[in-house]
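Me: I have a model open and would like to learn how to read its features one by one. Could you take me through it?

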Amino acid sequence: MVEVRVSPEVSLSDRAVRVQVRGLAPAQLVTLRSVLLDEQGECFQARAFYRASQEGEVDLSSHPALGGNYTGVWPMGLFWFLQPDTLFRRLLKRDVAGSPFLVQLEVYDGFCLVTRPQDQLLASCKAERWYVAPGMQRVPIKEGRVRGALFLPP
């Protein structure tokens, strides 16, 4: 049974996570895809193609991507290379303290340039990416024309 794992599942957005896939056939070609819906419902995606090891595993921290949105070893590539489905959209988090970005990680058999309903989804998981640690206090700043926020730890 194929399994994709991100650890830790809940983390701050500036912290690295580890993405691993297990249960693949030796040397199997797979597509890893990340999908994020922002606060306006805009979809951002990244994908990369990998060849499983002889043990049937893919570890983004040591296996190179063969193509897709990036090539080579990029442990956080599925998060860093997210691109909007609509041109000229930017990934922007407005409610930094109230909710995380939810990133869906998916594994497909073979090379999937465009994900279609007939493509075989092998496994999926979710990662929560928070911008503010629990217990942080947000203090609005307004001085003349300057606007901002001060975040104080508990």
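Me: Is E4 largely enclosed by the rest of the structure or exposed, and how many of its residues are buried?

Reply: A residue counts as buried when its relative accessible area is under 20%. Bear in mind that the model is predicted. In E4, seven of the nine residues are buried, so the strand is largely enclosed by the rest of the structure.

Me: Which strands does E4 run antiparallel to, and how many bridges join them?

Reply: Count bridges strand by strand. E4 is joined to E5 by nine bridges, in an antiparallel arrangement, and to E9 by seven, again antiparallel.

Me: What do E4 and E5 form, and how many residues lie between them?

Reply: They form a hairpin, with five residues between the two strands. Look at Gly41 in the turn: its phi is positive, about 85°.

Me: Which strands form the open sheet, and in what order?

Reply: Three strands form it, in the order E1-E3-E6, with antiparallel pairing. E1 and strand E6 (58–59) are at the edges with a single partner strand each, so one side of each has no neighbour in the sheet. Between E3 and E6 there are two bridges, and Val21 stands opposite Val58 in E6.

Me: How should I read the core, and which residues have the most contacts inside the largest one?

Reply: The general idea is that nonpolar side chains tend to be buried together in soluble globular proteins. Here the largest nonpolar core has 30 residues, and those with the most contacts inside it are Val19, Leu32, Tyr50 and Phe79. Elements giving two or more residues to this core include strand E1 (3–7), strand E3 (18–22), helix H1 (77–80) and strand E10 (121–130).

Me: What is Val19 in contact with, leaving aside its neighbours within four places in sequence?

Reply: Its contacts include Val4, Val6, Leu32, Val58, Leu60, Phe79 and Leu105, and also Arg5 and Asp59.

Me: Where is His63, and is it buried or exposed?

Reply: His63 sits in the loop between E6 and strand E7 (67–68). Its relative accessibility is 17%, so it counts as buried. Beyond residues up to four places away in sequence, His63 touches Tyr50, Arg51, Ser53, Glu57, Val58, Gly72 and Val73.

Me: How many disulfides are there?

Reply: A disulfide is a covalent bond between the sulfur atoms of two cysteines. The count for this model is zero. Cys43 is in none, and the nearest cysteine sulfur, that of Cys112, is 15 Å away. For Cys125 the closest cysteine sulfur is in Cys43, at 16 Å, which is too far for a bond. Cys43 is buried, with a relative accessible area of 15%; Cys125, at 15% relative accessibility, also counts as buried.

Me: How many helices and strands does the chain have, and what share of its residues count as buried?

Reply: The protein chain has one helix and 12 strands, and the pattern along the sequence is β-β-β-β-β-β-β-α-β-β-β-β-β. Of its 154 residues, 39% count as buried. The C-alpha trace spans about 60 × 35 × 25 Å along its principal axes. Among contacts with a separation of 6 or more, 53% are between residues 24 or more positions apart. The accessible surface comes to about 9,300 Å², and 54% of that belongs to carbon and sulfur atoms.

Notes. Residues numbered from 1 in each chain as written. Predicted model: local features only at pLDDT ≥ 70, side-chain atom pairs only at ≥ 80, totals over all residues. Heavy atoms only, no water. Core = buried A, V, L, I, M, F, W, Y, C linked by side-chain atoms within 4.5 Å. Buried < 20%, exposed > 50% of the residue type's maximum accessible area, 1.4 Å probe, protein only. Helix = DSSP H or I, 4+ residues; strand = E, 2+ residues; numbered from the N terminus. Contact = heavy atoms within 4.5 Å. Disulfide = S-S within 2.5 Å. Pairing = 2+ DSSP bridges. Areas by Shrake-Rupley, 256 points an atom, 1.4 Å probe, with all protein chains shown as cover.
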